[in-house]
Amino acid sequence: MTDPNEVGAWLRLTAGEGLGRAKARKLLAAFGSAPAVLQAGETAIAQVAGPAAGALLAAEPDAFHTDLLARTLAWLALGDGRCIVTVGDAAYPPALLQAADPPLLLYAHGRLDLLQREAVAIVGSRNPTAQGLDNARAFGRALSEAGWTVVSGLALGIDGAAHEGALGGAGSTIAVVGTGLDRIYPSRHEALTRSIAREGLLLSEFALGAPPLAEHFPKRNRIIAGLARGTLVVEAALRSGSLITARLALEAGRDVFAIPGSIHAVQSRGCHALLKQGAKLVEQVQDVLEELGGAARPPSADADEGTAPTLEPPEADPVLAALGHDPATLDALIARCGWPAPQLQARLLELELDGQVVRLPGGLFQRRGLA
C-alpha cells in the first residue's frame with residue numbers, strides 16, 4: 001500500500017487519539033475500508049460510531065496526521081522490505097486474525113513471507129541468568145532449524161537471545177516492537193534490529209515516531225501471542241510481562257510451555273506458576289516439537305499461487321455452509337472447505353465486514369444471528 005490517499009485514510013482511522021480500535025473496527029465493518037469510511041460523511045459515520053467520531057473524521061486532517069502521512073510515505077519510499085499491511089490484505093498473518101483483537105494495521109520491515117509461516121513465541125525476563133540466555137538462544141536456534149519462525153519482543157534479556165538464536169535457522173524470526181519502526185528500542189539492540197530487518201521481520205502496530213510508552217507493551221504482547229501456535233517462557237518473575245503473553249496465549253487456545261528452574265531463583269517463579277496452572281514442562285526442544293506436531297510445515301504452494309474457488313450465489317456460499325450452526329475454528333473450516341488458509345481468512349473477513357459472520361473469543365467464527 002503506497003497510494004497517499006489510501007495510506008492517509010488508514011492513518012486517520014488507526015493513529016492518534018480520539019477514535020480507538022473498537023470504533024475503528026465498527027466503521028470498517030460498516031463501510032468495508034478506510035477510504036470508504038472517510039467518504040461516508042459525518043452523518044453516516046456518526047450513526048455507526050457516534051457524533052464525536054463523525055466530527056473527528058469529517059474534519060480536515062490535523063497537523064499530527066499531515067506530518068505523520070508525510071513521514072510514513074517517506075519511510076515507505078525507502079523500500080528494503082518496508083510496507084504497511086492492513087486487516088483483509090492477503091499478506092495479513094492468518095494466525096493473528098484468529099486472535100480476539102487483531103490489529104487493524106501493521107507496519108512491517110523485512111521478510112513479509114514470515115507472516116505466513118508457522119511460529120512459536122519465546123519470551124522471558126529482561127534480567128535473566130546466564131543459563132536462561134543460553135537456553136533462549138539454543139531453543140530459538142533449534143526451533144528455527146526445524147522450520148518454525150520464532151516470535152519475540154526484542155526486549156533485553158531472553159527476547160534478544162531468542163532472536164539471535166533464531167536468525168541462525170531456516171525459520172528466522174519476527175520481532176514485535178512497542179514503538180514506531182523508525183525508532184530502535186532498546187538502543188543496545190541496534191545491531192540486532194538491523195540484522196532482523198535484513199534476515200527476519202520487524203513488526204509494529206504503532207505509528208512512526210511512537211515512543212516506548214509503558215502501555216504499548218501489553219498491546220505488543222497480544223500480537224506476539226496471536227502470531228504464535230505456542231508460547232515458551234524461558235525465565236520470568238511472578239510479575240512479568242511474559243506472563244501476560246502466556247495468559248493471552250492461553251485465552252486464545254494456544255499452547256504454553258515453561259522451562260523449570262531452581263526453587264530459589266526469582267527468575268523461575270513465573271515459570272513455576274505457569275506449570276502449576278497447566279503449562280507444559282519443557283526440558284528440551286523435542287518437548288515443544290512433539291506438542292506442536294514436529295517440524296513446521298512449509299507455506300502451502302496453493303496459498304501463494306492458487307486462488308479460492310469461484311463462489312456461488314450468497315445462499316450457497318461454501319464458507320457459510322461449512323460454518324453450519326455452531327462456532328468453528330479456522331482449522332475446522334480449512335478441513336471442511338479445502339481452501340488454503342489465506343484465501344479462507346480473506347473470505348471470512350469479507351463475510352464479517354458484510355455482517356454475515358461474527359468473530360468470537362478463542363479464535364472461533366459463527367454465522368451472525370446464531371452467536
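This is a selection-by-selection tour of a predicted model.

**Nonpolar cores**

Start with Leu13, Tyr107, Ile174 and Leu227. These residues touch the most other members of the largest nonpolar core, which has 70 residues. Next select residues 4-14, helix α1, which gives the most to this core, with five residues. Then move to Ala136, Trp148, Val150 and Ile158. They are among the 21 residues of another core, which lies apart from the largest one.

**Helices α17 and α18**

Select residues 330-337 for helix α17 and residues 341-353 for helix α18. How far apart are their axes, and at what angle do the helices pack? The axes are 10 Å apart and the angle is about 110 degrees. An angle of 65 to 115 degrees counts as roughly perpendicular, so α17 is roughly perpendicular to α18.

To see the contact, show side chains on both helices. On α17, display Leu330, Leu333, Ile334 and Cys337; on α18, display Ala341, Leu344, Gln345 and Leu348. By class, this contact of α17 with α18 has seven nonpolar residues, one polar residue and no charged residues. For the spacing of such positions, recall that an α-helix has 3.6 residues a turn, so residues three or four places apart point the same way.

Stay on α18 and take the distance from its first C-alpha to its last. The helix has 13 residues and reaches 18 Å, close to the 18 Å expected at 1.5 Å a residue. Now colour α18 by accessibility. Its buried residues are Pro342, Gln343, Leu344, Gln345, Arg347, Leu348, Leu349, Leu351 and Glu352. Leu344, Gln345 and Leu348 from this list are also part of the contact with α17. After α18, select Gly355, which has a positive phi, near 85 degrees.

**Backbone stops**

As background for the next selections, most residues other than glycine have a negative phi, and most peptide bonds are trans.

Select Leu154, in the loop between β4 (149-152) and α9 (158-166). Leu154 is not a glycine, yet its phi is positive, near 65 degrees. Is Leu154 buried or exposed? Its relative accessible area is 1%, under the 20% cut-off, so Leu154 is buried.

Continue past α9 to Ser172, in the loop between α9 and β5. Ser172 is another residue other than glycine with a positive phi, here near 60 degrees. With a relative accessible area of 2%, Ser172 is buried.

Then go to Pro186, in the loop between β5 (173-176) and α10 (190-199). Display the backbone from Tyr185 to Pro186: this peptide bond is cis, with omega near -5 degrees.

**Two pairs to compare by distance**

Select Pro218, in helix α11 (residues 216-227). Pro218 has 37% relative accessibility and therefore counts as partly exposed.

Finish at Ser240, in the loop between β7 (230-233) and α12 (241-251). Buried means under 20% relative accessible area; at 18%, Ser240 is buried.

Note on methods. Residues numbered from 1 in each chain as written. Predicted model: local features only at pLDDT ≥ 70, side-chain atom pairs only at ≥ 80, totals over all residues. Heavy atoms only, no water. Core = buried A, V, L, I, M, F, W, Y, C linked by side-chain atoms within 4.5 Å. Buried < 20%, exposed > 50% of the residue type's maximum accessible area, 1.4 Å probe, protein only. Helix = DSSP H or I, 4+ residues; strand = E, 2+ residues; numbered from the N terminus. Axes fitted to C-alpha atoms, helices over the stretch in contact; angles between N-to-C directions. Parallel < 35°, antiparallel > 145°, perpendicular 65-115°, else oblique. Contact = heavy atoms within 4.5 Å. Nonpolar A, V, L, I, M, F, W, Y, C, P; charged D, E, K, R; others polar. Expected span 1.5 Å × (residues − 1).
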